[in-house]
Amino acid sequence: MAFVRIDGVKKSYGNVDVMHGVDIEIADGEFVVLVGPSGCGKSTLLRMIAGLEQISGGHIRIDDKTVNDLPPKERDIAMVFQNYALYPHMTVAQNMGFSLKLRRSPKPEIDRKVGEAAAILGLDKLLERYPKQLSGGQRQRVAMGRAIVRDPQVFLFDEPLSNLDAKLRVQMRAEIKSLHQRLKTTTIYVTHDQIEAMTMADKIVVMLDGRVEQIGAPLDLYDRPASKFVAGFIGSPAMNFVDGRIAAADDANFVARDGTRLKLPQMPRSADNREVILGIRPEHLELVPAGTEGAISAQIQVVEPTGSETLVSARAAGSQITAVFRHRHDFKAGDQISLLADPANIHLFDPANDYGARIN
């Protein structure tokens with residue numbers, strides 16, 4: 001196991017800068033997820049850690065060793081790819097043990113390590129099968145097993161679940177997390193799926209346009225996002241946003257562009273008449289009787305029952321919003337309802353900032 005330190009890492013392709021001085025510290029044994037939209041630089045950063053991409057500036061350290069110029073085989077890392085990359089003419093056992101064979105490890109040692117990894121991953125009875133005889137989830141386990149047998153200092157996962165169906169992704173999320181808890185190997189995991197990030201990570205790194213937007217524990221990012229971008233990216237359904245202004249002399253404190261008024265938990269300093277973006281998560285909107293003080297009127301447009309929850313898309317306060325209710329309701333499109341926002345869970349963001357910096 002090892003810690004990983006990324007100091008001021010930059011990446012350019014010719015005159016085009018794609019990474020702009022990224023700084024991340026990953027503790028020994030930590031499970032860190034790099035998350036963000038397509039093109040944010042997360043996979044490029046992972047490939048630079050692996051040695052598959054040259055860095056244009058900065059330093060990457062694994063333990064106390066700077067690995068900028070080391071080839072991948074000398075970095076003591078193991079990478080699991082999105083497409084499995086299994087040899088079709090080799091059995092499961094041969095695929096898992098191939099890297100050890102290249103190292104000229106003794107056959108008894110290869111057999112032992114392959115057997116141990118197969119037991120961890122539930123592949124004991126599949127060792128003589130070929131990849132074409134396996135399901136997608138089984139192939140992904142084989143790819144993970146191939147990484148485990150190397151006993152690396154760091155595991156790197158590059159969107160390993162993207163090719164799986166929804167049910168299998170949920171299963172494999174739990175298996176990868178359980179595997180990390182058993183092996184305690186430092187793990188860096190790339191995904192565009194914020195649900196994967198929230199459920200698996202010890203620490204999340206949110207990236208956008210080759211920069212780090214925020215680093216923190218999953219619930220810290222959820223409860224206190226540093227920007228409108230993070231607030232909208234972390235959480236499903238996404239946070240609702242309403243444009244408006246601060247009204248310090250008004251009891252309501254916040255006035256939306258359509259005139260709707262909302263009470264804020266506290267007033268930002270020197271904020272009278274300041275333009276702001278108000279954020280509220282769907283689960284922090286309560287259904288209340290019409291006429292309730294502080295409630296806002298919303299017209300339902302779409303109702304999405306999921307069984308355990310009911311998602312409602314509606315028009316309110318001049319914006320499109322989503323509300324989530326745990327109880328079942330007989331809503332229909334066009335219905336008028338009243339919603340009360342929990343003041344303690346209201347967030348404010350600065351519209352003057354490109355990414356909507358948080359207003360404390």
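## Asn 253 and strand E12

The backbone nitrogen of Leu 264 and a polar atom in the side chain of Asn 253 are separated by 3.5 Å in this model, which is predicted. Asn 253 itself belongs to strand E12, which covers residues 253–256. With a relative accessible area of 7%, Asn 253 is buried, because burial is assigned to residues under 20% relative accessible area.

## The chain as a whole

The protein chain has eight helices and 20 strands, and its C-alpha atoms fill a box of roughly 80 × 45 × 35 Å along the principal axes. Of the 360 residues in the chain, 50% are buried. Where contacts join residues at least 6 apart in sequence, 66% of them link residues at least 24 apart.

The accessible surface amounts to about 17,400 Å², and carbon and sulfur atoms account for 47% of this area.

## Two domains

The chain is divided into domain 1, residues 4–229, and domain 2, residues 230–349, with 38 Å between the C-alpha centres of the two. To the contact between them, domain 1 gives 18 residues and domain 2 gives 14 residues.

A cis peptide bond runs from Ser 236 to Pro 237, with omega near -5 degrees. Pro 237 is located in the loop that connects helix H8 (228–233) with strand E11 (240–247).

Helix H1 spans residues 42–50, and its buried residues include Leu 45, Leu 46, Met 48 and Ile 49, together with a charged residue, Lys 42. After H1 comes Gly 51, which has a positive phi near 90 degrees.

In helix H2, residues 92–102, the buried positions are Val 92, Asn 95, Met 96, Gly 97, Ser 99 and Leu 100. Residues three or four places apart in an α-helix point the same way, because such a helix has 3.6 residues a turn. Following H2 is Arg 104, with a positive phi near 65 degrees.

## Positive phi in two loops

Asp 76 is not a glycine, yet its phi is positive, at about 55 degrees. This residue lies in the loop between strand E5 (65–66) and strand E6 (77–80), where Asp 76 is partly exposed with a relative accessible area of 28%.

Lys 184, also a residue other than glycine, has a positive phi near 55 degrees, and its position is in the loop that leads from helix H5 (166–183) to strand E8 (186–191). At a relative accessibility of 48%, Lys 184 counts as partly exposed, because that category lies between the 20% limit for buried residues and the 50% limit for exposed ones.

## Lys 332 and its surroundings

Lys 332 sits in the loop between strand E18 (319–325) and strand E19 (336–341), and with a relative accessible area of 48% Lys 332 is partly exposed. The side chains of Lys 332 and Asp 330 are joined by a polar contact of 3.3 Å.

When neighbours within four places in sequence are set aside, Lys 332 is in contact with Ile 300 and Val 303. Between Lys 332 and Ser 38 there is a separation of 294 residues in sequence, and from C-alpha to C-alpha the two are 35 Å apart in space.

Definitions and conventions: Residues are numbered from 1 along each chain as its sequence is written. This is a predicted model: local features need pLDDT of at least 70, side-chain atom pairs count only at pLDDT 80 or more; totals for chains, interfaces and linings use all residues. Side-chain values use heavy atoms; hydrogens and water are left out. Helices (H or I, at least four residues) and strands (E, at least two) are DSSP runs, numbered from the N terminus. Buried means under 20% relative accessible area, exposed over 50%, partly exposed in between (1.4 Å probe, protein chains only). Contact means heavy atoms within 4.5 Å. Accessible areas come from the Shrake-Rupley method with a 1.4 Å probe; for residues, only the protein chains shown count as cover. A polar contact is a pair of N or O atoms within 3.5 Å; within protein, one must be able to donate a hydrogen and the other to accept it, and residues adjacent in sequence count only if both atoms are side-chain atoms. Domain bounds come from an automatic or database domain assignment.
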